Amino acid sequence: MAGRGVLAYGFIGLLLLVVGVPFYWMVNTSLKTSAQLQSLTPYYYPSPATLRNYAALLGTTNFLTWIKNSALVAVGATLVTVVVSSLAGYSLTRIRYPGRRVLATTVLVVYLVPPTLLFIPLYTVLKSFDLVNSLWALLVAYPTFTVPFCTWLLMGFFRSIPRDLEEAAMVDGATRLGAFTRVILPLTTPGILAAALFAFTLAWNEFLYALVFVHNTELKTIPVGLNDLMFGDIFLWGELMAASVLTTLPVIALYTYLQRYMVEGLTAGAVTG
Amino acid sequence: MTKPSAWRRVLVADALVGYLFVLPLIVLVLGLVAYPLGNAVWISLTDKYVGYAARFVGLANYVTLTRDPIFHKVIRNSAVFTLASVAVKVVLGMLMALALQRALIARSFLRAALLVPWVIPTVITALTWHWMFNALWGFINVTLQGVGLVREPIAWLGQPATAMAAVITANIWRGFPFFGVCLLAGMQAIPRDLYEAAAVDGASPAQRFWHITLPGLRLVLLVTTLISLIFTLNDFNIVYVLTRGGPGTATHVLATYTYEVGFQALRWGKAVAVSMYPLPVIAVMIVIVTRYLTRED
């Protein structure tokens with residue numbers, strides 16, 4: 001038994017190494033001077049370390065604008081998603097009416113429809129509302145994938161709450177909305193947190209729609225902005241890796257703080273039905 | 001005692017509230033998914049070129065694609081990219097789950113640490129791997145040369161075979177933790193006493209894996225594999241950022257080709273037809289996933 005424990009930790013160590021090396025290379029590069037970056041005897045560590053790449057990134061590129069755009073869109077999409085998904089998730093699991101089975105299945109199907117299929121026709125829809133080339137385009141488009149995913153995830157959470165609780169509240173004269181907001185929602189807080197976290201992360205990370213629906217540099221989100229930086233005339237790897245560090249940080253920070261809910265939500269959505 | 005008619009009124013009122021709660025979702029699905037999908041079918045049957053009115057051309061786009069050598073290459077690339085990525089992700093994820101299950105100390109910390117590649121932006125993953133694979137200053141060549149495994153730097157992203165290997169590597173790096181976490185959750189749902197009974201009967205660890213763990217994971221394995229197949233088959237970010245489909249068309253996949261035809265050549269009719277081709281396969285996978293996940297048990 002002890003032998004296999006060693007083997008297990010050994011393998012986990014190997015995986016941690018595989019996962020960690022790209023992050024190490026990212027941070028390492030972000031702290032190097034351009035002379036070190038292009039040295040023919042490459043350095044495994046920055047010597048001396050410099051914050052020049054970070055200064056250049058913040059001073060000479062649109063990085064902060066892109067971050068601001070991403071934050072606006074991600075927060076907006078998260079708010080919309082949490083409201084729409086928790087109402088729908090509750091309705092689909094707790095209230096009886098004709099068609100709810102079909103609707104529940106539709107939620108799952110829509111989650112699995114790939115954006116590759118949607119981005120051109122969605123462009124025409126957004127164009128007809130004159131939303132193309134604005135952050136509104138993304139705020140409208142992102143719920144197409146965040147809402148189905150989060151609704152599905154929340155349905156799992158709502159199902160795990162005993163029916164008696166809300167029935168007791170309703171016998172005592174509470175309305176559906178009252179039972180939902182005062183009895184059920186407080187009990188589903190971990191699920192709502194997981195849903196919000198997923199919605200934010202999915203929106204923060206999204207690339208294809210942001211690439212296609214927005215053209216102006218000052219309206220771009222951070223993934224698309226970085227992609228532009230990369231394919232400029234010169235490869236600014238120091239700045240790019242500094243930007244990668246700064247863009248990854250908010251996600252990692254949120255995740256470190258809330259990962260328990262996220263893992264719970266992920267496995268609840270994928271494992272249970 | 002409440003009269004039946006009063007009960008009926010309560011139930012009907014409740015059903016109305018139910019519809020009201022789910023209405024925003026219905027609007028979203030109809031307006032932003034169902035309608036665009038229907039529209040996609042229509043666009044693919046026209047010669048729509050951006051800036052010009054669409055003319056109905058029947059199946060012409062689909063027929064033309066069957067004779068398009070780039071499209072043939074794209075289909076082959078997508079198949080290689082998807083199957084190779086998912087196969088390795090399943091195996092690595094399974095090993096990760098098995099190892100984590102044995103790791104009694106710090107399990108949830110290790111699980112969280114290993115899931116990090118899955119939560120960071122895919123574009124960052126692709127950018128970082130682009131730099132890792134850099135011929136002159138990338139980690140991989142620097143290390144390979146440092147330990148003396150290769151003499152000359154390898155242009156990973158500049159040659160067809162290694163470029164495909166590179167995009168697959170980045171995709172695996174991002175995706176295997178998802179399998180690991182889901183399979184671990186599946187393993188924890190298998191009743192302990194099955195293992196205890198098998199141990200009493202003298203079953204070896206390999207036998208226990210084959211006869212208890214694997215059958216117990218059948219559902220989770222099927223669902224996660226299918227979900228991963230659907231999303232990997234439609235992956236855009238990693239390929240686009242790492243290689244733009246190049247060198248030449250060596251790593252061009254369905255999503256990057258759709259984007260190129262649609263937003264560089266501006267031929268929407270043909271572009272949407274490209275994205276429609278894998279739909280039958282995707283539809284079958286969606287039906288199976290949905291069937292399994294909505295089973296009432």
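Predicted model: local features only at pLDDT ≥ 70, side-chain atom pairs only at ≥ 80, totals over all residues.
On the side of helix 4 of chain B, the contact is made by B:R111, B:L114, B:L115, B:P117 and B:W118, while helix 7 of chain B brings B:W173, B:R174, B:P177, B:F178, B:G180, B:V181 and B:L184.

Stepping back to the whole of chain B, the fold contains 14 helices and 0 strands. Its pattern along the sequence accordingly reads α-α-α-α-α-α-α-α-α-α-α-α-α-α. Chain B has a radius of gyration of 25 Å, whereas the globule rule gives 19 Å for 297 residues; the computed value is well over that figure, so chain B is more spread out than a compact globule. Taken along the principal axes, the box filled by the C-alpha atoms of chain B is roughly 85 × 65 × 30 Å.

The next topic is how the two chains meet. Chain B contributes 77 residues to the contact and chain A contributes 76 residues. Within the side of chain B that touches chain A, helix 1 (residues 4-44) of chain B gives the most, with 19 residues. That side of chain B divides into 59 nonpolar, 13 polar and 5 charged residues.

Chain A can also be viewed through its domains. The domain assignment places domain 1 of chain A at 1-50 and domain 2 of chain A at 60-271. Taken over C-alpha atoms, the centres of these two domains of chain A are separated by 32 Å. Their contact draws 7 residues from domain 1 of chain A and 6 residues from domain 2 of chain A. On the side of domain 1 of chain A that touches domain 2 of chain A, helix 1 (2-30) and helix 2 (34-37) of chain A each supply at least two residues. Helix 1 of chain A provides the largest share of that side, 4 residues. The residues on this side of domain 1 of chain A divide into 3 nonpolar, 3 polar and 1 charged.

Note on methods:
Residues numbered from 1 in each chain as written. Chains lettered and ligands numbered in written order. Contact = placed C-beta atoms within 7 Å. Nonpolar A, V, L, I, M, F, W, Y, C, P; charged D, E, K, R; others polar. Domains from an automatic or database assignment. Rg over C-alpha atoms; globule rule 2.2 N^0.38 Å.
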